[in-house]
Amino acid sequence: HGYLDYTSSHLASCMDSIPYSQILRLRRICSQDEVFHTTASQMPSFFREQRFPFPTIDEARARVSSIPRNTALSSHPTTRAESPWSSPFTPPAGIYNTYQFRHLQHDPTTRHIFPSPPPRLPSAKTAPSA
């Protein structure tokens, strides 16, 4: 299994969503609950090999186990807030770029790659019209 190592230079929210999304994928694939539960009980070992914390794995498994398969097969089995990353031309885009830059600057493995902050992106109000 080629999951990202939990200590890699990715946002925690990104890393924490991997067990949930993979177990949800398994929920969709398995047509029988017994097969799902048996296979899902084997998945923590794959995530532990990549240093995912036990609570993250256990929480993902518990959340997905409570979702009926019919619901998991729908496009959005749980209510989610809209992603703030949907468009580079949203007013808070500069805030997110700054946040990402600070995250990368504090990581010794990426600090040298990003010596200066990214330029601010124009908002929809200030973007040139075509």
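This is a predicted model: local features need pLDDT of at least 70, side-chain atom pairs count only at pLDDT 80 or more; totals for chains, interfaces and linings use all residues.
1. Residues are numbered from 1 along each chain as its sequence is written, and side-chain values use heavy atoms, with hydrogens and water left out.

2. On the overall layout, the chain has six helices and zero strands (DSSP runs numbered from the N terminus: H or I of at least four residues for helices, E of at least two for strands). Reading along the sequence gives α-α-α-α-α-α. Of the 130 residues in the chain, 27% are buried (under 20% relative accessible area; exposed is over 50%, partly exposed in between, with a 1.4 Å probe and protein chains only). Take the contacts between residues at least 6 apart in sequence: 61% of them join residues at least 24 apart (contact means heavy atoms within 4.5 Å).

3. Now the inside. The largest nonpolar core has 17 residues, and I23, F36 and F47 touch the most other members (such a core is a set of buried Ala, Val, Leu, Ile, Met, Phe, Trp, Tyr and Cys residues joined through side-chain atoms within 4.5 Å). At least two of its residues come from each of α1 (12–29), α2 (33–40), α3 (43–49) and α4 (54–65). The largest share, six residues, is from α1. In soluble globular proteins, nonpolar side chains tend to be buried together.

4. I23 deserves a click in the viewer. Not counting residues up to four places away in sequence, I23 touches F36, M43, F47, I57, A60, R61 and V64.

5. Next, how α1 meets α4. The two helices pack at about 35°, with their axes 9 Å apart (axes are lines fitted to C-alpha atoms, for helices over the stretch in contact, and angles run from 0 to 180 degrees between N-to-C directions). From α1, residues D16, P19, Y20, I23, L24 and R27 meet T56, I57, A60, R61, R63 and V64 of α4. By class, that contact has seven nonpolar, one polar and four charged residues (Ala, Val, Leu, Ile, Met, Phe, Trp, Tyr, Cys and Pro count as nonpolar, Asp, Glu, Lys and Arg as charged, the others, Gly among them, as polar).

6. T56, in helix α4, counts as buried because its relative accessible area is 15%. Leaving aside neighbours within four places in sequence, T56 is in contact with Y6, D16 and P19.

7. A40 sits in helix α2 and is buried, with a relative accessible area of 1%. A40 touches L26 and R61, again not counting residues up to four places away in sequence. A40 and R61 are 21 residues apart in sequence, yet 7.3 Å apart in space, C-alpha to C-alpha.

8. M43 belongs to helix α3. Its relative accessibility is 6%, so M43 counts as buried. M43 and L26 are 17 residues apart along the chain, with 9.8 Å between their C-alpha atoms.

9. R51 has a positive phi of about 65° although it is not a glycine.
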